[in-house]
Amino acid sequence: MIRGTDIGKMDVFLTIQEPTETRHATTSEVVTAWSDFGTAWAEKISDQKTFGPTSKEEFEAGQQIAKLRSNFKIRYQEGVTEKMRLVRSGEYHYITGIEEIDRTKFLILRTEQRDNG
């Protein structure tokens, strides 16, 4: 048992994916695909200031994009980076920040969902 943590709250199943780059056979264009890095049970946690996920709209490349931000707490996994994404029930959550908790016992993954994929 890990002290100070209610493992029963870790009820969200996530697949962690990492980008892989390959070259298209005929055009030699670099193509980014996603491959599974691992899985984790997580607790979806609220931001202390907002008590839930936050959303806002921003402009990227002249296009208005809605973004929904969420945080997930997982057991520590070596190699998780901000280049990766999480898949939860078919929805993609792109990792924007990682915080280590309790000396490599847990990770808090700050994520955002984008309405443009």
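1. Glu 112 and Arg 114 form a salt bridge, with their closest N and O atoms 3.0 Å apart. The model is predicted. Arg 114 is partly exposed, at 28% relative accessibility. Glu 112 is buried, with a relative accessible area of 6%.

2. Glu 112 has another partner. Its side chain meets that of Arg 69 in a salt bridge of 3.4 Å, N to O. Arg 69 sits in strand E4 (residues 63-75) and Glu 112 in strand E7, so this pair ties together parts 43 residues apart in sequence. Arg 69 is partly exposed at 25% relative accessibility.

3. The salt bridge count comes to three. One of them joins Glu 99 and Arg 110, with the closest N and O atoms 2.9 Å apart. Glu 99 belongs to strand E6 and Arg 110 to E7, so parts 11 residues apart in sequence are tied together. Glu 99 is partly exposed, with a relative accessible area of 34%. Arg 110 also counts as partly exposed, at 34% relative accessibility.

4. Check the surroundings of Arg 110. Leaving aside residues up to four places away in sequence, its contacts include Ser 70, Asn 71, Tyr 94 and Glu 99. The C-alpha atoms of Arg 110 and Tyr 94 are 8.3 Å apart.

5. Now the strands. E6 (residues 91-101) pairs with E7 in the antiparallel sense, over seven bridges. Glu 100 stands opposite Leu 107 of E7. Four residues lie between the strands of this hairpin, and Asp 102 takes a positive phi near 50°. Seven of the nine E7 residues are buried, so the strand is largely enclosed by the rest of the structure.

Note on methods
Residues numbered from 1 in each chain as written. Predicted model: local features only at pLDDT ≥ 70, side-chain atom pairs only at ≥ 80, totals over all residues. Heavy atoms only, no water. Contact = heavy atoms within 4.5 Å. Buried < 20%, exposed > 50% of the residue type's maximum accessible area, 1.4 Å probe, protein only. Helix = DSSP H or I, 4+ residues; strand = E, 2+ residues; numbered from the N terminus. Pairing = 2+ DSSP bridges. Salt bridge = Lys/Arg side-chain N within 4 Å of Asp/Glu carboxyl O.
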